[in-house]
Structures are given as structure tokens and as C-alpha cells.
Amino acid sequence: MHLTETAIHFWKSCLGSDSVLQPLWDCMRLNYTDYLRSPLFPVVLTVSSYFVFSFPFLICDIVGDKWAWVQQFKIQPSHRPTASKLLHCAGITLYNHVFFVLPASVAQWAWRPPVDLPDQAPSLLELIIGVCLGGWELVTVGCWTTLNPMILRCHLLTTWVFMVLHVYVSIEDHCGYDFPWSTSRLIPLGIYGGPSKHDVHHQKPNTNFAPHFSHWDKIFGTHADFSFCTAMK
């Protein structure tokens with residue numbers, strides 16, 4: 001009982017303390033101020049996160065059947081991406097970044113002044129609550145890197161963590177694999193969609209609209225499990 005109370009007290013102290021993230025924040029703002037204040041930093045952060053998170057799944061597809069343990073978690077085992085498809089995907093990704101992301105970044109750089117870095121880091125609890133923004137980012141997905149931090153008054157560190165997390169879960173939804181450590185398996189009660197349910201959305205577009213949490217689909221009757229899509233084939 002004493003150990004349990006000690007653990008609870010420890011986590012409460014960590015979540016509510018303003019000093020847990022302060023060393024990290026001080027290191028970032030004191031050593032990399034010019035980079036962090038640049039309007040291009042969020043773009044560089046998300047683009048680099050995209051390629052870093054995508055690379056392991058790309059390796060899984062390239063290795064294919066030679067990696068049997070990994071392939072058992074493939075959502076559609078009969079569908080194998082060919083080299084031409086992988087190159088086509090890489091070409092589209094490059095095209096989108098050059099002709100859409102880059103111009104938007106340059107425009108943002110032109111009209112948005114460099115941001116001020118606050119001296120105080122957010123508490124761990126503030127960061128966690130700030131990352132759980134619900135569906136708001138989907139409504140303002142085109143401009144949330146500039147507007148949402150101001151509207152929601154999020155700390156910059158919270159905003160950046162959310163951006164990286166959002167990139168990861170978006171890639172995970174489209175990776176084609178449902179691993180034991182997938183977000184949908186880590187979040188209890190089946191409230192999170194995950195790659196299997198989002199795969200159903202691409203096969204049956206009138207189902208599983210929510211990219212992450214699935215409560216709205218369940219409320220409005222558009223929720224479907226992977227078994228449903230398999231039965232319809």
C-alpha cells in the first residue's frame with residue numbers, strides 16, 4: 001500500500017510540476033533559438049518526422065515475405081507494393097512537398113514574424129492535455145501550425161510534440177500493418193480506430209470517417225470493423 005501511495009504521489013508530482021520539462025526546454029531555447037523561432041521550423045519538423053516514421057514501414061514492404069514475423073501483421077497479405085508503386089508514391093510525395101508544402105512555407109515565412117520563445121516550459125500535464133486536442137486540428141488542418149497555437153494558447157513545445165505525434169498516427173493509419181504496439185492496441189476499450197479500421201475506410205469510403213478516435217462513427221452508425229469489410233468481399 002505504501003508503494004502504491006508513493007507511486008501515485010510521484011506521478012502527481014511529475015504531471016503537475018513545472019520543472020520536469022524545464023531542462024529540455026532550456027536546452028532547446030538557449031542553444032537553438034534562431035532555428036526554433038523560424039516560421040519554417042514546424043515544416044522542417046513535420047517533413048523530417050514524416051520520412052523518419054515512414055522508413056521502417058517501407059523496409060517492411062521491401063523485405064516482404066523474407067521477414068515472416070513482420071508479414072503476419074500485414075492487414076492485406078495478398079497485396080504487395082511493387083517497386084514501380086513505391087517509386088510512384090515517392091514521386092507523388094516529392095511533388096506535393098515541392099509544389100504545395102514549400103510554397104506554403106515560403107508564404108508563411110513572409111507574413112508571419114518569428115515567434116517568441118517563453119522562458120517557462122509547460123508542465124507535463126499541460127503538455128499531455130494540449131496534445132489531446134480532439135478533432136480541432138482536422139478542422140483547421142491547413143493552417144493549424146499558425147492559428148491553433150494562438151487560439152488554444154498552447155505552449156510551443158506542446159504544439160511541436162503534437163505535430164510529431166499527429167504525423168506518426170497518420171502514417172500508422174496508412175502503413176498497412178497492425179502491429180501489437182499499434183496505437184489502437186495500446187489505447188483501451190476500442191475507442192481508437194487504428195490502421196485496420198482506417199484500411200476499411202479506404203475499401204468502404206462510407207465507413208470509419210474518423211482518422212483516429214472512432215466514437216463519432218459509432219454514434220452516427222458509420223463504424224465498421226475489419227471483419228465487416230472482409231465479409232463483404
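These are some notes on the predicted model above, point by point.

1. Ground rules. Residue numbers start from 1 along each chain as its sequence is written, and side-chain values use heavy atoms, with hydrogens and water left out. Because the model is predicted, local features need pLDDT of at least 70 and side-chain atom pairs count only at pLDDT 80 or more, while totals for chains, interfaces and linings use all residues.

2. Overall make-up. The protein chain has 14 helices and zero strands (DSSP runs numbered from the N terminus: H or I of at least four residues for helices, E of at least two for strands). Buried residues account for 36% of the 233 in the chain; buried means under 20% relative accessible area, exposed over 50%, and partly exposed in between, with a 1.4 Å probe and protein chains only. Among contacts (heavy atoms within 4.5 Å) between residues at least 6 apart in sequence, 66% join residues at least 24 apart.

3. Helix H4 against helix H10. The axes of H4 (residues 41-63) and H10 (residues 156-173) come within 9 Å and cross at roughly 35°. The contact involves Phe-41, Tyr-50, Phe-53 and Phe-57, among others, on the H4 side, and residues including Trp-160, Met-163 and Tyr-168 on the H10 side. For reference, axes are lines fitted to C-alpha atoms, for helices over the stretch in contact, and angles run from 0 to 180 degrees between N-to-C directions.

4. The buried set includes Lys-197, His-198, Asp-199 and His-201. Asn-208 has a positive phi of about 50° although it is not a glycine. Most residues other than glycine have a negative phi. Asn-208 is also buried, at 3% relative accessible area.

5. Ala-224. This residue sits in the loop between H13 and helix H14 (226-232) and is buried, with a relative accessible area of 5%. Leaving aside residues up to four places away in sequence, Ala-224 touches Lys-197, Val-200, Thr-207 and Asn-208. Ala-224 and Gly-193 are 31 residues apart in sequence and 9.8 Å apart in space, C-alpha to C-alpha.

6. Salt bridges. The count comes to five, where a salt bridge is a side-chain nitrogen of Lys or Arg within 4 Å of a carboxyl oxygen of Asp or Glu. Asp-26 and Arg-29 pair up at 3.2 Å, N to O; they are three residues apart in helix H2 (residues 22-31), about one helical turn. Asp-61 and Lys-74 meet at 3.7 Å, N to O. Asp-61 lies in H4 and Lys-74 in the loop between H5 and H6, so the pair ties together parts that are 13 residues apart in sequence. Asp-178 and Arg-185 form another bridge at 3.4 Å, N to O, and Asp-178 is buried at 11% relative accessible area. Bridges with shared partners join Asp-26, Arg-29 and Asp-119 into one network.

7. Around helix H6. Thr-82, in the loop between helix H5 (68-71) and H6, is partly exposed at 37% relative accessible area. Thr-82 and Ile-62 are 20 residues apart in sequence and 8.6 Å apart in space, C-alpha to C-alpha. Val-98 lies in H6 (residues 83-111) and is partly exposed, at 38%.
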